[in-house]
Amino acid sequence: MHIHLIYASLSGNTERMADFIEEALVEGGCTVDRINISYEKDYLDALHGDSNIIFGTYTWGDGALPTETRSFLKDLFAIDVKGHVAIFGTGEKQFKHYCRAIRESAYHFEKNGWEVHEWKLQIEQRPKDSEVKDIKQWTNNMIGDLSNDKSN
């Protein structure tokens, strides 16, 4: 199965989550296109038709969607691509709207006709070693769900 692992990361926290997710995807037999939209700008070239995306974002400050996440979503929804998406991200509990960008991203994907996996993965700040198992389990659940959707 082919997965687009697309994420925005400013401090490296969401990128570290993407490292563990990619590791689990490869272990699960998936091929992965990995794109950090914080630095790469030709991110839409690989997307086509019915795509499977695992999308990650950090939450900026008190709940804001990062500029690069907003730009990516706007660009994505302007082309004729739909598919399945699972969403993960990081935030800080010190802010009132902890990990709000994850929920806002899910809202925009759903509004634009994407099938959004109901379980969103959120981690406070940098993923800890004790959370790696949960991240990989979440990823394995995504692989199973996507495989079941493709076989129906």
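A: A residue is called buried when its relative accessible area is under 20%, exposed when the figure is over 50%, and partly exposed in between. The model shown here is a predicted one, and the residue to start from is Thr57, which is found in strand 3, the stretch covering residues 50–58. Because the relative accessible area of Thr57 is 0%, this residue counts as buried. Leaving out residues up to four places away in sequence, Thr57 touches Ala8, Thr14, Pro66, Thr69, Phe88, Gly89, Thr90, Ala101, Ile102 and Ser105.

Several of these partners lead on to helices. Thr69 belongs to helix 2 and Ser105 to helix 3, and both take part in the contact between these two helices, where Thr69, Arg70, Leu73, Leu76 and Phe77 meet Glu104, Ser105, His108 and Phe109.

As background, an α-helix has 3.6 residues a turn, so residues three or four places apart point the same way.

Arg70, another member of the contact with helix 3, can also be placed relative to a loop residue, Lys41, which lies between strand 2 (31–36) and strand 3. Lys41 counts as exposed because its relative accessibility is 56%, whereas Thr57 has a relative accessible area of 0% and is buried.

A further partner of Thr57 is Thr14, one of the buried residues of helix 1, which are Asn13, Thr14, Met17, Ala18, Phe20, Ile21, Ala24 and Leu25. Seen down the axis, these fall within an arc of 165°, so they line one face of helix 1. This helix, residues 13–27, has 15 residues and reaches 22 Å from its first C-alpha to its last, close to the 21 Å expected at 1.5 Å a residue. Just after helix 1, Gly29 takes a positive phi of about 90°.

Ala24 counts as buried because its relative accessibility is 1%, and, apart from its neighbours within four places in sequence, Ala24 is in contact with Lys136, Thr139, Asn140 and Ile143. The C-alpha atoms of Ala24 and Lys133 are 9.9 Å apart, although 109 residues separate the two along the chain. Glu22, which also lies in helix 1, is partly exposed, because its relative accessible area is 24%. Beyond residues up to four places away, Glu22 touches Leu5, Val32 and Arg34. The C-alpha atoms of Glu22 and Thr139, 117 residues apart along the chain, are separated by 8.6 Å, and Thr139 is also among the residues in contact with Ala24.

Note on methods
Residues numbered from 1 in each chain as written. Predicted model: local features only at pLDDT ≥ 70, side-chain atom pairs only at ≥ 80, totals over all residues. Heavy atoms only, no water. Helix = DSSP H or I, 4+ residues; strand = E, 2+ residues; numbered from the N terminus. Expected span 1.5 Å × (residues − 1). Buried < 20%, exposed > 50% of the residue type's maximum accessible area, 1.4 Å probe, protein only. Arc of directions from axis to C-beta. Contact = heavy atoms within 4.5 Å.
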